[in-house]
Amino acid sequence: MNPPELRPTDALLIVDVQRDFCPGGALAVPDGDAVVPVLNQWIDAARDAGAAVFASRDWHPPDHVSFQEQGGPWPSHCVAETPGARFHPDLALPVSATIIDKGTDAGHEAYSAFEGTDLAAWLHAAGIERLWVGGLALDYCVRASVLDARRIAGLPVHLILSATRAVEVQPGDGSRALDDMRSAGAVTEAES
Ligand code: VGL
Ligand code: ZN
């Protein structure tokens, strides 16, 4: 889906487009870097419309509870201030983008960009009326962020299908995540 005509009251939320989630990274999402050129088009469209851009980062301490060394499910990834935690080098974030760090507390997992952050308050303060979401991974942080955008922020949410990829720890996780998001009222590319 090419970006539609965006409005000044739209916001783009780019979830966790970081090196560790791209091929070659510590927790690579298959084809994860394919989202970058698509999101760059949306960043251009947001700039043209005067729409806000938010970008979340998974930003963990070295002893985060989600890491296998701590008994969690994931290899160590996106450790704050390390190269793997950087945004993909080709992601053309505007200087005006608001960065949201999450999962910063060693003892708590936070898949959603709303969890333990001020994102809902910022969206509200900025008068945002619709949220367009893309990024990684579809079946974890994108899913959780879309569900919270519906349930916490109460916003109309459009998931940009061409700008997200699933990690699919279990086959089918991606399509189940889409079902969950659609059930919560999110609109996906095929319907919009
Ligand atoms: C994510 C697994 C662990 C994500 C973050 O950004 O989807 N997945 N931490
Ligand atoms: Zn993580």
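In this predicted model, the zinc ion (ligand 2) picks up Asp58 (OD), His60 (NE2) and His77 (NE2) as coordinating residues, at 2.0 to 2.2 Å; donors here are N, O and S atoms within 2.8 Å of the metal (3.2 Å for Na, K and Ca), and with water not among the atoms, sites may look incomplete. Along the chain, the donors of the zinc ion are spaced as D-x1-H-x16-H. The site has 4 donor atoms, and with angles of 86 to 167° it comes out irregular.

On its own, ligand 1 exposes 260 Å², of which the protein buries 99% (Shrake-Rupley areas, 1.4 Å probe).

By class, the shell around ligand 1 holds 8 nonpolar, 1 polar and 2 charged residues, including Phe21, Trp74 and Tyr140 (near means a heavy atom within 4 Å).

Residues are numbered from 1 along each chain as its sequence is written, with chains lettered from A and ligands numbered from 1 in written order. Local features need pLDDT of at least 70 and side-chain atom pairs 80 or more, while totals for chains, interfaces and linings use all residues; side-chain values use heavy atoms, without hydrogens and water.

Terms used. Nonpolar A, V, L, I, M, F, W, Y, C, P; charged D, E, K, R; others polar. Tetrahedral: all angles 85-135°; square planar, octahedral: opposite > 155°, others 65-115°.
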